[in-house]
Amino acid sequence: MNEYSVLISGAGIAGPALAHWLHRQGIRPTIVEQAPDVRLGGQAVDLRGLGEVVAERMGIMPRVRERIVHEKGLRYIDSAGRELATMPADLFVGDGSPVTEIEIMKGDLTEILLDLIDDHTEVIYGDRIESMVEGPDGVEVTFRSGLVRTFDVVVGADGIHSGVRALAFGPEADYVVHLGAYLGYCTVPDAGPLDDWFDMYSEPGRMLALRPERGGSAKAMLAFAATGADVDRRDVASQKRLLREVFDGMGWRAGELLAAADADADFHLDTVSQVHMDSWTRGRVALLGDAGYCGSPLTGMGTSLALVGAYVLAGELGRAAGDHAAAFARYEEIMRPYVATAHTLAPGGVDGFLPRSRFMLRMRVLSARLMHHWPMRQIVARMLDKSEAIELPDYASTSVAAMP
Ligand SMILES: Cc1cc2nc3c(=O)[nH]c(=O)nc-3n(C[C@H](O)[C@H](O)[C@H](O)COP(=O)(O)OP(=O)(O)OC[C@H]3O[C@@H](n4cnc5c(N)ncnc54)[C@H](O)[C@@H]3O)c2cc1C
């Protein structure tokens, strides 16, 4: 194997997927992950359309199917837990469906991807890139641990709060667009029978949901419209206090879910945001997945974007035989239309997710009921479908023979 080398920051979804495809192209990947070990937590994520195609090409679908979270779909409920309307997973087919048939826990998918690269990729845990100096022959990287190494290319696959993006492109505020809502999530070890539905209870401007997980636990989601409060991403204690204020007096299982949030060491709260950038590449540095083009959890497209982006970036680096500038230009060209489509929110956007009035809540239930009927189903399916956005290149036979 030649020595063309790529450093990937982040061992979430995009990072290990990129390492797999780089190796297939004869390029040596190294991953640095700031967490001290594999991050197995996280929520259920969807594999859709082209994301599923890439997963098939990686050969991981049998393992994914073994770990599928069985979810019938989304069910709107009232404060007593009675069904108001449902959106079954098989109602729509395609990239933009609000619920899909392939749901997997993010940690399970990460584990499957890491297993895939185990025998050829060095993964450095508990470290991160501190600085990068680009020269004509590569990027000299200094890690927080003091380690210094040089790579041909560096890829930031380190999520919405990307450290590589901050170093190479500038402050987060220039690229991360807050959509006006906050979303917290935590594990509920024993949520009782959910009958395999993703249950959602809403009041104006706030929402509680419970989603089944593999193994009998459930993930609670607590979402609210922006209050103007300045939420510190790292101050979990103040986030939990804020949740108690925001969800005070809320119906359904609010007390129980707030208690679960308090008890969960992995409780996580963040803004609902998208990343918008005119370019995802600069010099020898590229951004991938949420770091470059997070569409927000509202699109349900993050995992597919990460997998497709990894496939295209590695494929183009292989095809360009070491000419990173040419590869990056093609990566941008191919991915732009897909990202633009994936960023499009479902009708109503954040207000559809968190309706601000009782009238709008009733309208949402009504439209969910109407979606069961033709022609409404066809119309909405066409609006939501994102699977035709790009044609996926076939890189299978283009592996690099030699790098300069
Ligand atoms: C509540 C919620 C629900 C979601 N639901 C869905 C869904 O239904 N469907 C879907 O497709 N997507 C969903 N997503 C989005 C999905 O999880 C992400 O889009 C996807 O994980 C992106 O993968 P990634 O590899 O780009 O980033 P991540 O998975 O975030 O991985 C980034 C990795 O980089 C590491 N890291 C961060 N900073 C550094 C650093 N400075 N140095 C080194 N390592 C670093 C992190 O520890 C992490 O391991 C949801 C997200 C959330 C928050």
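**Ligand contacts**

I began at the ligand and found one of its oxygen atoms 2.8 Å from an N or O atom in the side chain of Asp-290. I note here that the model is predicted. Next I asked how much of the ligand the protein covers. The ligand has 1000 Å² of accessible area on its own, and the protein covers 89% of this.

I then looked up which elements give two or more residues to the shell around the ligand. They are β2 (28-33), β3 (44-46), β12 (176-188) and α9 (302-319). Strand β3 gives the most, with three residues.

A ligand nitrogen lies 3.3 Å from an N or O atom in the side chain of Ser-9. For Gln-34 the backbone takes this place: one of its backbone N or O atoms is 3.2 Å from a ligand nitrogen.

How many residues surround the ligand? I get 29, and the closest are Ala-14, Glu-33, Arg-39, Lys-106 and Asp-290. I sorted the shell by residue class: eleven are nonpolar, eleven are polar and seven are charged.

**The six-stranded sheet**

I traced an open sheet of six strands with mixed pairing. Its order reads β7-β2-β1-β11-β18-β17. Which strands are at the edges? They are β7 (122-125) and β17 (281-282), each of which pairs on one side only.

I looked inside the sheet at β1 (residues 5-9). Strand β1 runs parallel to β2, and five bridges join the two. In this pair, Ser-5 of the structure stands opposite Arg-28 in β2. Strand β2 had already come up in my notes as one of the elements giving two or more residues to the ligand shell.

**β12 and β16**

Strand β12 is also on the list of shell elements, and I followed its pairing. Seven bridges join β12 to β16, and the two run antiparallel. Val-177 stands opposite Gln-274 in β16. Is β16 mostly covered or mostly uncovered? Strand β16 (residues 268-275) is mostly covered, with six of its eight residues buried.

**Ser-145**

I moved on to Ser-145, in the loop between β9 (138-143) and β10 (148-151). Its relative accessibility is 53%, so I count Ser-145 as exposed; the cut-off is over 50%.

What does its side chain contact? I found a polar contact with the side chain of Asp-127 at 2.5 Å. The side chain of Ser-145 also reaches the backbone nitrogen of Leu-147, at 3.5 Å. Ser-145 and Val-64 are 81 residues apart along the chain, and their C-alpha atoms are separated by 35 Å.

**Positive phi values**

I looked up two residues with positive phi. Trp-252 is a residue other than glycine, yet its phi is near 55°. Trp-252 sits in the loop between α6 (236-246) and α7 (254-263). Buried or exposed? Trp-252 counts as buried because its relative accessibility is 18%, and the cut-off for buried is under 20%.

Ala-321 is not a glycine either, and its phi is positive at about 50°. Ala-321 lies in the loop between α9 and α10 (324-343). At 32% relative accessibility, Ala-321 counts as partly exposed.

Methods
Residues are numbered from 1 along each chain as its sequence is written. This is a predicted model: local features need pLDDT of at least 70, side-chain atom pairs count only at pLDDT 80 or more; totals for chains, interfaces and linings use all residues. Side-chain values use heavy atoms; hydrogens and water are left out. A residue is near a molecule or strand if one of its heavy atoms lies within 4 Å of it. A polar contact is a pair of N or O atoms within 3.5 Å; within protein, one must be able to donate a hydrogen and the other to accept it, and residues adjacent in sequence count only if both atoms are side-chain atoms. Accessible areas come from the Shrake-Rupley method with a 1.4 Å probe; for residues, only the protein chains shown count as cover. Helices (H or I, at least four residues) and strands (E, at least two) are DSSP runs, numbered from the N terminus. Ala, Val, Leu, Ile, Met, Phe, Trp, Tyr, Cys and Pro count as nonpolar, Asp, Glu, Lys and Arg as charged, and the others, Gly among them, as polar. Two strands pair if DSSP finds at least two bridges between them. Buried means under 20% relative accessible area, exposed over 50%, partly exposed in between (1.4 Å probe, protein chains only).
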